[in-house]
Amino acid sequence: MPQEEARVSESIPQRPRLTVLGTGYLGATHAVSMAELGYEVLGIDVDESKITKLADGQVPFHEPGLDEMLRRNLATGRLRFTTSYAEAADFGDVHFVCVGTPQKAGSLAADMRYVESAVVSLAPHLTRKALIVGKSTVPVGTAEWVEELVAQHAPAGIGVEVAWNPEFLREGFAVEDTLRPDRLVFGVKSDWAREMLENTYKGVYELGVAEDREVPTVVTDFPTAELVKVAANSYLATKISFINAMAEVSEVAGADVTQLARAIGYDVRIGNKFLRAGVGFGGGCLPKDIRAFQARAEELGVGHALRFLSEVDQINTRRREKAVELTAELVGELAGARIGVLGATFKPNSDDVRDSPAVAVTKLLAEAGAQVTVYDPQGIDNARRALPTVAYATSSVDAIRDADAVVVLTEWEEFRHADPVALGKVVTHRRVVDGRNCLDPAEWRAAGWEYRGMGRA
């Protein structure tokens, strides 16, 4: 090994100590999962109540398997939480920035103040060479900006570097996606930063070897690493909106979009994943990410390249309105109708109602004068805060009791495998709108239900 390479290797710990700045969904999951892989991890947040909960072994959101993993790693001492940036600076070799980048009020652009606050709060306390690694989804150009912030606020001469390592977590599968990612992306400017990240993810690589699977790694520049996440989300959103556009055509042409999706999904160039028509996508990522991507493209002078994303967004919104139209077709008049809504979260296995199509449809039904009662296995508390004007139930049966129509808006297993005969005994009228095309129409019709699906004549 050349002498220069030897010096680089000697300056890098084999198991770096990690800090995670921000303990929301991304940060808490990353901190717990990295501790599970054997790293010493310190989570930092300015929200004292959140830190107290996590330190007591309570995850402040629903993610399967995370609670038990949190308590196990707290008990080992590998995982701790604090509100002190000074403690974080002293502790960590690698500092992950995992704060939120929500949509800015009155704009399509991302709100970057939390990223700025995290970096500016940490940098003055650093006393040795360290790596600040962005994981948050950000506009292209952010890593260079973070470098400027570090240069302004960190002590001179200690050699702090920046890298970008985008996250690709799916809510409901976030632990699995952290421990067994389908790829890792390292945006770096030096061999030192690359080697530090390789050692940081050594536990992931070791788990891959133990399970006889490869963990592909793409080492690239800052802009490419930043673009990977928003490009992936934009492609996914486009695929979902494409099949929903086909649903719009199918509805007027008398076709069945579920059969159409099945047929085109056999084409290996297309594939069948994310070709289920319904009320569209939501959550804390896809909607705001495609909007922020459009805004950044406009700033860069290439807004025309991403104008199709505006239509993707509009198609998504229209499908929510279609679910209300189908419900009105069934009941005749929404004003005064009793509607049982099954689902509030934007997807199953989550308690997240951010930009949830289910909440949006429920709100539209209520605004049309319907008497709406909602049930969701995990999202009731969050839904009640987002939409306090409707009623909530603690079970499917209670939500649909005496209903004039049932509207299924989240494809929880509990709803997909519900017994239409049993549910038919508690409603006033057997009418169902399948907003996720997750029910078996033949089974429900055989049980006496009027069935309406999305994009199904």
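Colleague: Which residues does Arg17 touch, once residues up to four places away in sequence are not counted?

Modeller: This is a predicted model, in which local features need pLDDT of at least 70 and side-chain atom pairs count only at pLDDT 80 or more, while totals for chains, interfaces and linings use all residues. Residues are numbered from 1 along each chain as its sequence is written, and side-chain values use heavy atoms, with hydrogens and water left out. Arg17 sits in the loop between helix H1 (3–10) and strand S1 (18–21), where helices (H or I, at least four residues) and strands (E, at least two) are DSSP runs numbered from the N terminus. With contact taken as heavy atoms within 4.5 Å, Arg17 touches Glu40, Asp90, Phe91, Gly92, Asp93 and Val94.

Colleague: At what distance does the side chain of Arg17 reach the backbone oxygen of Phe91?

Modeller: Arg17 is partly exposed because its relative accessible area is 29%, on a scale where buried means under 20%, exposed over 50% and partly exposed in between (1.4 Å probe, protein chains only). A polar contact is a pair of N or O atoms within 3.5 Å; within protein, one must be able to donate a hydrogen and the other to accept it, and residues adjacent in sequence count only if both atoms are side-chain atoms. From the side chain of Arg17 to the backbone oxygen of Phe91, the distance is 3.1 Å.

Colleague: Is Thr101 buried or exposed, and which residue's side chain does the side chain of Thr101 join in a polar contact of 2.8 Å?

Modeller: Thr101 lies in the loop between strand S4 (94–97) and helix H6 (113–122), and this residue counts as buried because its relative accessibility is 5%. A polar atom of the Thr101 side chain lies 2.6 Å from the backbone oxygen of Thr137. The polar contact of 2.8 Å between side chains joins Thr101 to Lys288.

Colleague: Which helix gives the most to the lining of the largest cavity?

Modeller: A cavity is a set of points on a 1 Å grid over the protein atoms alone where a 1.4 Å probe fits but cannot get out, and its lining residues have an atom within 4 Å of a point; the structure holds two cavities of 30 Å³ or more. The largest contains about 100 Å³ of space, with grid points joined across faces, edges and corners and the volume being the space filled by probe spheres set on the points. Of its 13 lining residues, Val138, Pro139, Val230, Ala292 and Phe293 lie nearest the centre. Helix H11 (222–253) and helix H13 (286–299) each supply at least two residues of this lining, and the most, five residues, comes from H13.

Colleague: Is Phe293 buried or exposed?

Modeller: Phe293 is found in helix H13 and touches Leu227, Val230, Ala231, Ser234, Leu306 and Leu309, not counting residues up to four places away in sequence. Because its relative accessible area is 15%, Phe293 is buried.

Colleague: How many residues of the lining of the second largest cavity come from helix H15 (residues 357–367)?

Modeller: About 40 Å³ of space lies in the second largest cavity, and its lining includes Gly343, Ala358, Thr362 and Tyr392. These lining residues divide into seven nonpolar, two polar and no charged, where Ala, Val, Leu, Ile, Met, Phe, Trp, Tyr, Cys and Pro count as nonpolar, Asp, Glu, Lys and Arg as charged, and the others, Gly among them, as polar. H15 supplies the largest share, which is three residues.

Definitions and conventions: On a 1 Å grid over the protein atoms alone, a cavity is a set of points where a 1.4 Å probe fits but cannot get out, and a pocket is an open set with protein on both sides within 12 Å along at least five of seven lines; lining residues have an atom within 4 Å of a point.
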